[in-house]
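Reader: Could you take me through one part of this model close up? I'd like the salt bridges, please.

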Amino acid sequence: MPHTAPRYLAEGPRVGIRHFTHEDGAEFTARARESKDLHHPWLFPPDSAQAYEAYASRLIEDRSKAGFLVCEKGTGPTGDGSLAGFVNINNIVQGGFLSGALGYGAFAHAAGRGLMREGLDLVVRYAFGPMRLHRLEINVQPGNAASIGLARACGFHLEGFSPRMLFIDGAWRDHQRWAITAETVTSG
């Protein structure tokens, strides 16, 4: 019997996570366009084929990044699962730091259903398992209650406040820093 690759890198009861592919562009950009009101003013995922191609290429080719699609199991047209959202690990540093910075977003049809919590938990465990990272950080604008709630629900702890940290939507924005370490996940 031929060996087939598993559909997901990790999976829970309702979602699986897998890496971005170039073939995901049409569905990803359609979901991003449908979710503009949900994402604004916090997040601006690519909503055109050209923007997606550049974005996905960075996540696929750059070793300092890892992109994960959160897929609702068994709901897509091919049975692979429609895209519920995404979680990216950026600024991955090896050596003595073994760290990465998370960014994520739910798509509107999946928001408020717990799918991203399950997906983020899977990414955290994957990062601390096969990726062998030690620390993950999430930087969140203080007014983004949904993102802060997700970080808290997944076990991240508030570490501090960084004024004018990131340039988003035309201005330097303040951010809260939330973090988790491998020991927290394995001991908790």
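Author: Lys 36 is partly exposed, at 45% relative accessibility (that label covers everything between buried, under 20% relative accessible area, and exposed, over 50%, with a 1.4 Å probe and protein chains only). Its partner in a salt bridge is Asp 47, with the closest N and O atoms 2.4 Å apart; a salt bridge here is a side-chain nitrogen of Lys or Arg within 4 Å of a carboxyl oxygen of Asp or Glu. The two sit 11 residues apart, Lys 36 in helix H2 and Asp 47 in the loop between H2 (36-39) and H3. Asp 47 is partly exposed too, at 25%.

A word on ground rules: this is a predicted model, where local features need pLDDT of at least 70, side-chain atom pairs count only at pLDDT 80 or more, and totals for chains, interfaces and linings use all residues. Residues are numbered from 1 along each chain as its sequence is written, and side-chain values use heavy atoms, leaving out hydrogens and water.

Now for Glu 159 and Arg 135, whose side chains meet at 2.7 Å, N to O. Glu 159 lies in strand E7 (residues 157-168) and Arg 135 in strand E6 (residues 135-140), so this pair ties together parts 24 residues apart in sequence; strands are DSSP runs of E, at least two residues, and helices runs of H or I, at least four, numbered from the N terminus. Arg 135 is buried at 18%, while Glu 159 is partly exposed at 44%.

Within it, Arg 31 and Glu 27 meet at 3.6 Å, N to O.
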